[in-house]
Amino acid sequence: MKKILITGASGQLGKTLKNIFKSRYNIIPTAKSHYFKQKNYFLDITNHLLIKDIVAATAPDIIINLAALTNVDLCEKRPDLAHSINFVGLENLVKIFNGPIIQLSTDYVFDGKIGQYSENSSVNPINEYGKTKLKAENFLKENSKDSLIIRTNVLYDYISKSSASFLNWVVKSLQHGEKINVVDDQWNNPTWTKSIAVLIDRAIKRELNGLIHWGDYDYISRFDFANKIADTFKLKKNLIQPIKTFELNQIAPRPLKGGLNTDMAKSILNLEPSKISDCLEHIFGSINS
Ligand SMILES: NC(=O)c1ccc[n+]([C@@H]2O[C@H](COP(=O)([O-])OP(=O)(O)OC[C@H]3O[C@@H](n4cnc5c(N)ncnc54)[C@H](OP(=O)(O)O)[C@@H]3O)[C@@H](O)[C@H]2O)c1
């Protein structure tokens with residue numbers, strides 16, 4: 001059984017990977033969050049001494065790097081912090097660990113003028129989050145030929161006690177009868193964390209390296225996504241108000257027409273992207289069973 005060290009395992013995707021991978025791999029979840037500390041390794045990827053100790057103590061076959069500063073406005077406000085986590089953290093892992101690294105990246109490496117993007121599309125990040133994630137991609141490509149970069153977009157799951165999940169925010173707000181403003185000019189193919197876990201599993205089995213894109217089937221605006229959530233969870237859609245991105249006055253500019261073309265992964269890994277309505281039905285069913 002392969003031994004896989006996961007960084008950032010306390011995050012949204014980390015929680016799903018832990019659940020799905022625990023019966024298939026010998027997993028070593030690590031996290032920076034202190035509440036996570038009792039049962040798992042504490043690992044801040046900006047601290048190279050900690051990485052050295054943990055890699056020496058656990059001798060993993062593969063590292064999956066999920067650790068990232070994913071708050072896009074905070075990245076813009078604190079480019080130094082974004083750089084140290086999203087780039088230097090990955091650089092540390094590459095310098096210390098000799099095996100393959102699976103690095104999660106994002107459609108924010110593109111400017112959002114003509115999504116959906118394929119692996120051959122030209123990159124042009126418009127915010128610090130995208131710039132730091134791209135710098136990490138380039139470093140990995142140049143320094144670790146066995147490694148794999150997986151770009152994905154708008155990850156979601158229903159996670160109890162999480163405020164980071166778009167799905168949680170929509171469901172909780174509508175359940176409380178609160179009106180929400182949701183942008184109707186940002187387009188992506190939102191991706192259930194379980195879909196990306198299946199892709200990672202398949203990629204590990206095939207020992208895939210290089211760069212691959214993955215996202216679920218539907219290419220929709222965030223407003224339409226919120227409406228699909230309300231439909232599935234049987235909540236009031238009239239509480240969802242459309243709004244334009246510029247009206248939010250956010251610190252970081254957002255790519256508008258993002259999203260990822262998945263043709264390459266479909267043919268190499270023999271996978272079909274799931275429909276959002278099916279994913280949401282699964283999630284709704286599992287919460288209410
Ligand atoms: N969410 C999306 O829509 C999306 C889209 C495309 C790509 N991705 C990529 O997918 C990966 C996983 O995303 P996610 O949605 O699971 O994000 P998430 O929920 O924000 O999780 C990121 C994790 O990284 C941890 N972290 C932050 N700084 C760290 C450090 N210095 N050392 C170790 N861990 C650190 C965080 O822990 P603390 O909370 O304790 O700081 C958090 O648990 C990331 O690489 C992200 O860039 C995400």
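Aspartate 184 is partly exposed, with 24% relative accessible area (partly exposed lies between buried, under 20%, and exposed, over 50%, with a 1.4 Å probe and protein chains only). The model is predicted, so local features need pLDDT of at least 70 and side-chain atom pairs pLDDT 80 or more, whereas totals for chains, interfaces and linings use all residues. Residues are numbered from 1 along each chain as its sequence is written, and side-chain values use heavy atoms, without hydrogens and water.

The side chain of aspartate 184 forms a salt bridge with that of lysine 244, at 2.9 Å from N to O (a side-chain nitrogen of Lys or Arg within 4 Å of a carboxyl oxygen of Asp or Glu). Aspartate 184 lies in the loop between β8 and β9 and lysine 244 in the loop between β13 and α9, so the pair ties together parts 60 residues apart in sequence. Lysine 244 is also partly exposed, at 35%.

Arginine 151 and glutamate 137 form another salt bridge, their closest N and O atoms being 2.8 Å apart. The former lies in strand β6 and the latter in helix α5, so parts 14 residues apart in sequence are tied together (helices, H or I of at least four residues, and strands, E of at least two, are DSSP runs numbered from the N terminus). Arginine 151 is buried at 2% relative accessibility, and glutamate 137 is buried at 0%.

Helix α5 (128-143) also supplies at least two residues of the shell around the ligand, as do α1 and β5. A side-chain N or O atom of tyrosine 129 is 2.6 Å from a ligand oxygen.

Terms used: Polar contact = N/O pair within 3.5 Å; in protein donor to acceptor, adjacent residues only side chain to side chain.
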